[in-house]
Amino acid sequence: MPTQLNSAAEARALIAAIRESRERLAEGGFVSDRDNADPTANLALLAELGAARLAVPTEYGGLWDGAERGGWGAIIRALREVSAGDGPTGQNWLTTVLVARELFEPGSGFAEPTRGELARRIRDDGLRFVSSVAETGVTGRTTARPAEGGVVLSGTKSFNTNSGGRGMALVRCVLEGERSAHHQVLVDLNHAQVVSHDDWDNMGQRGTRSQTVTYQDVFVPDGWHQPTAGQFSPVFLGAAMLLHAGLMQGIGEGALDALVQHTRTMKRGSLPQFPTPAEDPLILRRIGALSSQLAASRALLHSSADGLDAVRDGEDMDAVIVDCFRAKVAAVEASLEATAGIHEITGARSTSNAYRYDRYWRNARTFASHDPIDAKNVYIGGYELGNSLPPLSTIIRF
């Protein structure tokens, strides 16, 4: 079994390998955005690198120590690098990671054979996960009814991010019976009675293929379903905010990379008296400001992730979690600023679809709209005034 020290060194090497792959990920993201298609090649590259091992416990050949509060610093850093290459690829990958953490966390009730099989498929086959939870815009609840040897799943879920590559969905539903209860089942999306609607046609994050999926009386055997645990823990909530922040931070950094690379090819400054961009103080100031803003949000993102890793029982958990919310706000604002500035700095020629630089803003604006920062600032303000976190029910619907 790998030691914690060896795992940390492998994680750092993995993050460095992802960083070296950012250009390839950007190329794959360009094609995926153009074709409104799943970034299959990008996800295959990450699987080849073994990126998902960051969410697999060491006992199953992964790089995570298995503790609820452990491993987030490495995951967030990896996600930032992936998303700097391509935002949709980052969101797809974080979905796999988040579901894997939920399946393998200490409180997970899935049986050992199931966990072992899932770990093997993640490591060896590049298994991708879908969090099939949302029912916004659909009719009725998704239910599971008891059957001999398992349950039968029926219903429709919206916003199934990462479903363009099939994989496996973790579906939240209601188990029918004398006392209906919240339940979750694992479903292979290649099942003949799973229907993918191919209705994801948004302006941004196009490669996430966040389509509607219908489960038509899908039989799920025992061992692959279980009661849903209670509400998410504060650690899991903080980690989710950091994952959102890492995605947005990466998109912003990818935009800055594209902006700098394009500016270096320009033959003139913004005004006639500046022969080149490197001599144009207006361009230098704008790029410098974006660089500084992204550096600040990146520092808060990393320190918050490391704080989540390091917090121990008895310490001020509220202070750690509110930093995760702050990191989300800072990353969203920095990313939107960077992605909006590309064309203003580089000029009209850069609006050509030959570059598709607008995808950075479309991706950032689309994901930022999913989880508005106004609500996060209300939560942070409640902490500042009350010296403790307000109830989650005040800003999140469970």
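1. In this note, Ala, Val, Leu, Ile, Met, Phe, Trp, Tyr, Cys and Pro count as nonpolar, Asp, Glu, Lys and Arg count as charged, and the others, Gly among them, count as polar. By that scheme, the lining of the largest cavity has eight nonpolar residues, two polar residues and one charged residue. The structure under review is a predicted model.

2. Overall build. The chain has twelve helices and eight strands. A compact globule of 398 residues would have a radius of gyration near 21 Å, and the chain agrees with that, at 22 Å. Along the principal axes, the C-alpha atoms fill a box of roughly 80 × 50 × 45 Å.

3. Burial and surface. Of the 398 residues, 52% count as buried. The accessible surface of the chain is about 17600 Å², and carbon and sulfur atoms contribute 52% of that surface. Among contacts with a separation of 6 or more, 73% are between residues 24 or more positions apart.

4. Cavities. How many cavities of 30 Å³ or more does a search of the whole structure find? The search finds three. The largest cavity has a volume of about 100 Å³. Its lining consists of L43, L46, A47, A51, A52, W93, T96, I122, G126, L127 and R128. Two elements, α3 (40–49) and α5 (87–104), each give two or more residues to this lining. The largest share, three residues, comes from α3.

5. I122. This lining residue of the largest cavity is found in helix α6, residues 112–125. I122 counts as buried because its relative accessibility is 6%, and the cut-off for buried is under 20%. Leaving aside neighbours within four places in sequence, I122 is in contact with A52, V56, A100, F104, L127 and F129. Of these contacts, A52 and L127 are also listed in the lining of the largest cavity. The C-alpha atom of I122 is separated by 27 Å from that of H370, a residue 248 positions away along the chain.

6. T143. Strand β2, residues 143–147, holds T143. Is T143 buried or exposed? T143 counts as buried, at 19% relative accessibility, because the limit is under 20%. Not counting residues up to four places away in sequence, T143 touches V152, L153, S154, C173, V174 and E176.

7. Backbone at D198. Most residues other than glycine have a negative phi. D198 is not a glycine, yet has a positive phi of about 50 degrees. Where is D198 placed? D198 is in the loop between β6 (194–196) and β7 (211–221). With a relative accessible area of 54%, D198 is exposed, since exposed means over 50%.

8. Backbone at D217. A positive phi is also found at D217, at about 55 degrees, although D217 is not a glycine. The place of D217 is in strand β7, whereas D198 lies in the loop between β6 and β7.

9. Points to check in the viewer. For the largest cavity, begin with α3, which gives three residues to the lining, and then turn to I122 in helix α6. For the backbone, the residues to look at are D198, with phi about 50 degrees, and D217, with phi about 55 degrees.

Note on methods. Residues numbered from 1 in each chain as written. Predicted model: local features only at pLDDT ≥ 70, side-chain atom pairs only at ≥ 80, totals over all residues. Heavy atoms only, no water. 1 Å grid on protein atoms, 1.4 Å probe; cavity = no way out; pocket = protein on both sides within 12 Å on 5 of 7 lines; lining within 4 Å. Points joined across faces, edges and corners; volume = space filled by probe spheres on them. Helix = DSSP H or I, 4+ residues; strand = E, 2+ residues; numbered from the N terminus. Rg over C-alpha atoms; globule rule 2.2 N^0.38 Å. Buried < 20%, exposed > 50% of the residue type's maximum accessible area, 1.4 Å probe, protein only. Contact = heavy atoms within 4.5 Å. Areas by Shrake-Rupley, 256 points an atom, 1.4 Å probe, with all protein chains shown as cover.
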